[in-house]
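Subject: Handing over a structure

Hello,

I am passing a structure on to you, and you will find it just below. Please have a look at it first, and then read my notes.

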Amino acid sequence: MRSLVPSNCQIFSVSGSTNVGDQLPTGQLSVVPWRRTGVKYTNNEAYFDVIEEIDAIIDKSGSTITAEIQGVIDACVKLTGMPDLTLSFMNPRLLDDVSFHPCVRFKRWESERILSFIPPDGNFRLLSYHVSAQNLVAIPVYVKHSISFRDSSSLGRFEITVGPKQTMGKTIEGVTVTSQMPKGVLNMSLTPSQGTHTFDPVTKMLSWDVGKINPQKLPSLKGTMSLQAGASKPDENPTINLQFKIQQLAISEAYEKKQKNYTVHNRISFQELELERGKARHLI
């Protein structure tokens with residue numbers, strides 16, 4: 001048989017070291033792909049933050065037309081070894097369109113509505129969910145208003161008051177009120193009882209940074225509006241948008257506030273659940 005190597009080629013032997021080791025590094029092989037082995041902490045702890053965002057439409061009488069909640073549970077787990085955790089809910093049937101981290105045992109959730117999982121090390125999103133408008137959503141704030149536009153008048157009246165409702169004694173903070181005013185509004189002369197406000201005469205956007213609500217002295221914003229001469233009365237009053245924050249309160253009522261509702265097979269410390277942000281639209 002003829003050789004397949006051309007006659008003008010030479011074969012050399014290669015020797016020397018290589019970067020490929022004979023053994024894999026320790027702490028990398030694990031039966032759980034999202035968690036490495038050999039994790040050690042001096043202080044074992046786990047934090048679970050529940051963040052819920054409300055999107056609601058409320059009519060002028062204060063009745064809720066529609067309300068939906070988008071929520072997530074973010075976790076920060078720093079536990080030694082391979083911890084196996086369970087997390088239960090007071091009313092898990094409220095949760096729709098649930099999306100899980102791969103660590104969650106889906107079959108147990110389907111059968112028992114309990115989250116059972118071996119968590120990743122560090123920060124991760126455990127799940128996200130939706131609470132539909134078919135379930136009763138208690139809006140924790142209310143808005144009282146008095147907005148008037150008069151025909152053949154260059155002035156209008158504007159007054160709104162924001163207050164707490166069904167907050168279980170929790171403080172409402174980070175309150176911001178915005179409203180897109182009609183084109184016929186040239187300027188606004190308003191006085192807030194607390195916080196600061198701005199009105200952009202070009203975009204017609206009113207913004208009021210309220211801050212924290214004191215139930216003993218409710219914040220209000222009132223004054224007059226300068227209207228375009230000869231302009232007709234707006235067909236409808238403006239929409240008021242409200243953003244707020246309530247710590248340690250889950251609006252969906254799917255969670256038990258007491259720590260004993262959580263079963264964790266390791267020594268951990270807990271951070272109470274919190275409502276990070278809420279939004280509500282108020283139709284005047």
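Below are my notes on the aromatic rings and then on a sheet.

A word on conventions first. This is a predicted model, so please note that local features need pLDDT of at least 70, side-chain atom pairs count only at pLDDT 80 or more, and totals for chains, interfaces and linings use all residues. Residues are numbered from 1 along each chain as its sequence is written, and side-chain values use heavy atoms, with hydrogens and water left out.

**Aromatic rings**

The structure holds three aromatic pairs. Rings of Phe, Tyr and Trp (its six-membered ring) pair if their centres lie within 6.5 Å; planes under 30 degrees apart count as stacked, over 60 as edge-to-face and the rest as tilted.

One of the pairs is Phe89 with Trp109, which is edge-to-face, at 5.8 Å centre to centre and 85° between the planes. This pair links distant parts of the chain: Phe89 lies in the loop between β3 (85-87) and β4 (96-100), and Trp109 in helix α1 (residues 106-112), 20 residues apart. Helices (H or I, at least four residues) and strands (E, at least two) are DSSP runs, numbered from the N terminus.

Phe89 is buried, at 8% relative accessible area, and Trp109 is buried too, at 4%. Here buried means under 20% relative accessible area, exposed over 50%, and partly exposed in between (1.4 Å probe, protein chains only).

Phe100 and Phe106 also form an edge-to-face pair, with ring centres 5.8 Å apart and planes at 65°. Phe100 is partly exposed at 21%, as is Phe106 at 43%. Ring pairs link Phe89, Phe100, Phe106 and Trp109 into a cluster.

**The sheet**

Now to the strands, where two of them pair if DSSP finds at least two bridges between them. An open sheet of four strands has the order β7-β8-β13-β10, with antiparallel pairing. At its edges stand β7 and β10 (185-192), each with a single partner strand, so one side of each has no neighbour in the sheet.

Strand β7 (residues 141-149) is joined to strand β8 (residues 155-164) by nine bridges, and Phe149 stands opposite Gly156 in β8. Seven bridges then join β8 to strand β13 (residues 220-227).

Best wishes
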